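Open the model in your viewer and follow along, one selection at a time. Each stop tells you what to pick and what is there.

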Amino acid sequence: MSESTTTDAAREAADAAGEDQDLGAAGSQLSTAPTDTVVPGSFGGVRGPGAKGSLTWTLREITGWARWFWRQLTSMRVALILLFMLSLGAIPGSLIPQTGADALKVESFKAAHKTLGPLYERLGLFHVYSSVWFSAIYILLFVSLIGCIVPRTWQFVGQLRSRPPGAPRRLTRLPAYATWRTDAEPEAVRAAALRALGRRRFRAHVAGDAVAAEKGYVRELGNLLFHIALIVLLVAFAWGQLYKSDGDKLVIEGDGFANTPTQYDDIKSGSLFSSDDLVPFSFDLHRFTGTYERTGPNRGTPRTYEAALSYREGADGARKKTTVRVNHPLHIGDSKVYLVSHGYAPVVTVRDAKGKVVFHQAVPLLPSDANVTSQGAIKVLDGYTNAKGEREQLGFSAFFVPTFAGAGKGTMVSQFPALDNPVLALTAYHGSLGSDSGIPQNVYQLDTSHAKQFKTADGEIFKDRLAPGQTMKLPGGNGSITFEKDIKEWAGFQIVQEPGSVWALTGAVTAILGLAASLFISRRRVWVRAVRDAEGVTVVEMAGLGRSESAKLPQELGDLAARVHAEAPTRTGPPGQGTAAGGQNSHAPDDAGTSPREQDAADPTVSATEGAEKQ
């Protein structure tokens with residue numbers, strides 16, 4: 001008796017193992033995620049005797065560790081960690097001044113932070129995006145994504161070329177399950193199932209006595225597209241950083257700009273950028289228009305900033321007219337011309353002691369507040385002769401307000417950004433302005449270390465305020481300066497060339513779409529089995545399996561069961577010969593006393609809980 005019991009137990013265990021293996025095969029390849037088959041420490045195996053055995057064991061260990069490291073590097077977990085580290089690493093690049101963006105701010109930061117400055121310098125925080133540690137994370141993430149995508153892509157292609165696996169022996173163990181008995185032939189039931197599944201866009205085929213179907217490949221496709229899009233983003237970002245250029249140019253009304261390195265006031269570029277990469281174009285600024293709120297709490301707020309341009313693509317291109325506004329740049333090839341700033345350029349005329357005009361042009365001044373209170377320098381470097389006949393340089397420290405409050409009404413601070421009451425305040429210097437020293441100078445500042453101020457007969461500093469059309473005569477007959485009535489405006493443009501921006505945008509949009517597909521689309525399989533039982537009646541079983549538990553799977557299976565049931569309805573016959581659908585307990589009447597005939601006539605229902613419990 002005990003021997004028989006043991007045999008039965010062994011047989012049941014073998015059946016259970018076979019069913020688990022069968023169920024595992026049914027759910028195989030629902031994902032392309034790689035699985036680990038070994039763990040660290042088990043690579044070398046048993047070490048053989050002698051030096052040869054030791055060398056062989058060592059090589060197996062090295063190879064095993066290398067493969068294990070590669071699996072970890074190309075796993076989704078490590079890729080997400082590297083992506084998170086890259087995001088964290090970009091934070092200092094946004095908060096700390098960068099040498100590539102503004103070297104002066106970096107020097108000011110170092111001067112103000114004697115302790116943090118050297119520390120940040122050693123950590124590479126002043127040039128984050130070109131630092132060793134940021135580049136290492138960037139490259140590791142790039143390798144991780146490629147190593148993750150390539151095998152999963154081949155596996156996904158293989159799944160597309162293969163057919164869904166056959167049905168497990170016991171469909172009742174699956175999460176969603178339905179069954180009923182019908183008078184229809186098994187072949188007719190399978191044909192009806194193929195039609196119903198085809199209408200729901202399932203890939204279906206007949207495998208033995210069952211129909212196997214699968215749907216939701218877009219989930220894996222979206223997952224792969226998401227990873228490919230991340231690679232495109234990384235490549236586009238690197239391409240843009242290596243070949244980009246970003247320059248600023250101040251243009252006065254009536255002047256122009258040609259896209260060559262010498263024309264820029266300031267230009268920054270990537271390490272692989274060359275002047276030949278600049279898009280050939282030029283433009284002229286004909287007119288700048290700025291309007292402002294006159295009343296209310298927003299008084300002085302700009303309403304309109306427009307720059308009327310005419311531009312030419314290439315050396316021989318036709319001249320075209322356009323208007324550039326804030327956040328509406330001019331697009332020329334890979335270059336974008338942004339309108340970023342605005343100010344005034346008073347036109348001044350300087351005469352020497354003999355009355356000869358030695359300087360006549362518009363001088364741009366830089367605004368220092370929202371009402372365009374501006375300051376700058378006027379430099380006469382050549383051609384000036386003083387009252388003694390000596391050649392020297394002449395300079396003026398200029399302070400300009402477009403709307404002056406009036407004499408005796410406070411300091412020289414503009415009351416409104418428009419030209420309502422313009423006034424130009426000047427302080428004159430003569431001597432050497434340091435332009436011949438060979439040291440680069442700021443065009444908006446005066447170097448007065450080797451220059452002297454003009455003074456009045458009383459020994460006071462000579463300075464004056466001028467309205468448009470007025471002239472300030474220098475002491476001792478040393479000439480004059482006239483503030484002309486013509487006041488021009490200037491516009492500041494930022495010319496940006498980022499060759500990878502379109503690819504970056506494409507990658508970002510694709511990543512969002514791929515992520516949405518991988519999150520909201522479920523991959524699932526459905527099997528429909530139709531066989532005759534001992535009584536010669538066709539028994540129909542339907543079951544579904546998804547990659548993850550979802551309430552939609554039983555609903556979808558129920559809809560499919562209803563479609564198949566419409567063509568292969570429940571068998572109607574004498575009491576006791578029919579069964580109701582609904583899972584394992586469908587052969588017994590319910591507690592309310594429903595007769596077997598009433599159960600036979602019922603539509604099939606789907607059991608979601610019972611199948612899940614059987615797992």
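Start by selecting A543: apart from neighbours within four places in sequence, A543 is in contact (heavy atoms within 4.5 Å) with L171, L174, A176, Y177, R525, V526, W527 and L557. This is a predicted model, where local features need pLDDT of at least 70, side-chain atom pairs count only at pLDDT 80 or more, and totals for chains, interfaces and linings use all residues. Residues are numbered from 1 along each chain as its sequence is written, and side-chain values use heavy atoms, leaving out hydrogens and water.

Is A543 buried or exposed? A543 is buried, with a relative accessible area of 0%; buried means under 20% relative accessible area, exposed over 50% and partly exposed in between, with a 1.4 Å probe and protein chains only. A543 lies in strand β22, residues 538-546 (strands are DSSP runs of E, at least two residues, numbered from the N terminus).

Next, pick V526, one of the contacts of A543. V526 is in β21 and stands opposite A213. Show β21 (residues 524-532) with β3: six bridges join these antiparallel strands, and two strands pair if DSSP finds at least two bridges between them.

Stay on β3, residues 210-215, where six of six residues are buried. A210, A212 and E214 are on one side, with V211, A213 and K215 on the other. In a regular strand, side chains alternate between the two faces of the sheet.

Finally, select β2, residues 203-207, which is antiparallel to β3 and joined to it by five bridges. V206 stands opposite V211. Two residues separate β2 and β3 in their hairpin, and G208 in the turn has a positive phi of about 75°.

Definitions and conventions: Helix = DSSP H or I, 4+ residues; strand = E, 2+ residues; numbered from the N terminus.
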